[in-house]
Amino acid sequence: MDSTLFIIGIIGNIISVLVFVSPIPTFWRIVRSKSTEDFEPAPYVLTLLNSLLWFYYGVTKPDGLLVATVNGFGAVMETIYVVLFLVYAADHAARVKTAKLVAILDIGFFGLVFAATTFAIDGLDMKITIIGIICACLNVFMYGSPLAAVRTVIATRSVEYMPFFLSFFLFLNGGVWATYALLDRDVFLGVPNGIGFFLGIIQLVIYAVYKNSRVKSQSNDEATYDGSASLLSSDARGHGEKNAFRFV
């Protein structure tokens, strides 16, 4: 592997790991309260599927080691998150919903892709193409999911639902992996991360435009600040988490 490509891939791994571990405070809160409260399981289940598929792509493609390593780590982290969701589900309905999503997506869909590409498709190039198309389509969908948060920011004129550092690291993540894909001539990795990089720019621009609006609104309402004012409510955190997951 070219040294420049390897270095960029290592940087991409580091940034992606930071994104994968970003929900840890949320799950520490869940463990302490012994309840998932209003958090939704779908983002974690989808991210687990995304990580599994990219891990499979990385181990199938020659020289795909750096893609496989970071997504293998991501699959482990997301599995932990999903298990915690099952253990600390707020009620029986939430537990059943999580279990169904895992069965349909992480077990059923991934199992179908694995079986089809292993037993029904001959030739390594064709197998890589099929897996890459599926991974790219899912990644584009996940990169587009934060647009709901952007719409909320514009509607409320508040960046409360768009944590800056999460948006910033996702912007870096898309940019680094798009650069990696460009050097590696990997269209399946390049297209979704190029789109993610572009959408990341939009998020940061929106954040810059509205970052002072919340302060102004609080001043007009004569709102007082205390230590708890910087914490989002469970609903707000849930909304943020729904739009927080996009990876390699």
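Modeller: Gladly! A helix here is a DSSP run of H or I with at least four residues, and helices are numbered from the N terminus. Please keep in mind that this is a predicted model.

Let's look at Leu 5, which is found in helix H1. With a relative accessibility of 7%, Leu 5 counts as buried, because buried means under 20%. Setting aside neighbours within four places in sequence, Leu 5 is in contact with Leu 66, Tyr 180, Leu 183 and Asp 184. Another residue to look at here is Ala 181: in sequence, Leu 5 and Ala 181 are 176 residues apart, yet their C-alpha atoms are 8.9 Å apart in space.

Among the contacts in the protein chain with a separation of 6 or more, 81% come from residues 24 or more positions apart. The chain has 11 helices and zero strands, and 46% of its 248 residues count as buried.

Now back to H1, which also holds Ile 14. Ile 14 belongs to a nonpolar patch on the surface, together with Phe 6, Ile 7, Ile 10, Ile 11 and Leu 18. The accessible area of this patch is about 510 Å².

Moving along to H2, you will find Thr 26, Phe 27, Arg 29 and Ile 30 as its buried residues. Seen down the axis of H2, they fall within an arc of 150 degrees, so they line one face of the helix. In general, an α-helix has 3.6 residues a turn, so residues three or four places apart point the same way. Pro 25, Trp 28 and Arg 32 are exposed on the other side of H2. After H2 comes Lys 34, with a positive phi near 55 degrees.

Phe 27 leads us inside. The largest nonpolar core has 41 residues, and those touching the most other members are Phe 27, Leu 53, Tyr 57, Val 67, Trp 177, Tyr 180 and Leu 189. Helices giving two or more residues to this core include H1, H2, H8 and H9. Beyond its neighbours within four places in sequence, Leu 189 is in contact with Trp 54, Val 67, Trp 177, Tyr 180, Ala 181 and Val 248.

Terms used
Residues numbered from 1 in each chain as written. Predicted model: local features only at pLDDT ≥ 70, side-chain atom pairs only at ≥ 80, totals over all residues. Heavy atoms only, no water. Core = buried A, V, L, I, M, F, W, Y, C linked by side-chain atoms within 4.5 Å. Buried < 20%, exposed > 50% of the residue type's maximum accessible area, 1.4 Å probe, protein only. Contact = heavy atoms within 4.5 Å. Patch = residues over 30% accessible without salt bridge, like charges linked within 9 Å, V, L, I, M, F, W, Y side chains within 5 Å. Areas by Shrake-Rupley, 256 points an atom, 1.4 Å probe, with all protein chains shown as cover. Salt bridge = Lys/Arg side-chain N within 4 Å of Asp/Glu carboxyl O. Arc of directions from axis to C-beta.
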